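Trainee: I would like to learn how to read the features of a model like this one. Please begin with the terms.

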Amino acid sequence: IRAIHFEKKKAPDSLSDAAVLADGRLLLVSDAGHEFVLLDAAKGQSRVIDLLGLLEEANLPAPRGRPDEIDLEGAAVSGSRIILVGSASLKRPKPKPGQKDNAERISDIIPASGEGFDHSNYVFTLRDQGAGGAPALERAFDLRAVLLALPMLAPFRELPSKDNGVDVEGAAIVGE
């Protein structure tokens, strides 16, 4: 199998999750950019799939945040169903020259801005069309809104992931 090339430069160095589909194909997810790969080792084939392209076809609202990156951190499969999960985290910008402590940096936290702010907040459910076709988007919802409604996570709602805030790092399917 030849090398897999994602659009974003650092993507091959930052695979965030993988899952095996029912027919033995492998789903690879990178946390940089907006692509994932379906790999069929038996056939020696790989397909890079642009998740943003699937979102445009589904008329999902355009994000008001970073339109070119979906921070995918989790992948899971059950039969022909594929689940892709974004980090649902807040980001803190890199320190500016002259900043010496975290107190100065805390004021630079990018706040949560409601549903649709960033596709990194979403869970995407896709239906696999088999080895020949691209998966079809069935559903997308804002996971961050769901998580932050839980009382035990509420104290962490405005903290960036690097400061012990909410940060999804995987996915699993249990039952239906």
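Mentor: Two strands pair if DSSP finds at least two bridges between them. Helices (H or I, at least four residues) and strands (E, at least two) are DSSP runs, numbered from the N terminus. This is a predicted model, in which local features need pLDDT of at least 70 and side-chain atom pairs count only at pLDDT 80 or more, while totals for chains, interfaces and linings use all residues. Residues are numbered from 1 along each chain as its sequence is written, and side-chain values use heavy atoms, with hydrogens and water left out.

Trainee: How many helices and strands does the protein chain have?

Mentor: There are three helices and eight strands in the protein chain, and along the sequence they follow the pattern β-β-β-β-α-β-β-α-β-β-α.

Trainee: In what order do the four strands of the open sheet stand?

Mentor: In general, strands of a sheet pair through backbone hydrogen bonds, either parallel or antiparallel. Here the order is S1-S2-S3-S4, with antiparallel pairing. Strand S1 (15-20) and strand S4 (45-50) each have a single partner strand, so one side of each lacks a neighbour in the sheet. Strand S3 (residues 35-40) is joined to S4 by six bridges, and Leu-38 stands opposite Arg-47 in S4.

Trainee: Which residues of the largest nonpolar core touch the most other members?

Mentor: In soluble globular proteins, nonpolar side chains tend to be buried together. A nonpolar core is a set of buried Ala, Val, Leu, Ile, Met, Phe, Trp, Tyr and Cys residues joined through side-chain atoms within 4.5 Å. Buried means under 20% relative accessible area, exposed over 50%, and partly exposed in between (1.4 Å probe, protein chains only). In the largest core, of 19 residues, those touching the most other members are Leu-27, Phe-36, Leu-51, Leu-84 and Phe-124. Helix H1 gives the largest share of this core, four residues. A second, separate core has eleven residues, including Ala-88 and Val-168.

Trainee: Which residue forms a salt bridge with Arg-127?

Mentor: A salt bridge is a side-chain nitrogen of Lys or Arg within 4 Å of a carboxyl oxygen of Asp or Glu. The structure holds one: Arg-127 pairs with Glu-138, with the closest N and O atoms 3.0 Å apart. Arg-127 lies in strand S7 (residues 122-127) and Glu-138 in strand S8 (residues 136-142), eleven residues apart. Arg-127 counts as partly exposed because its relative accessibility is 29%, and Glu-138 is also partly exposed, at 46%.
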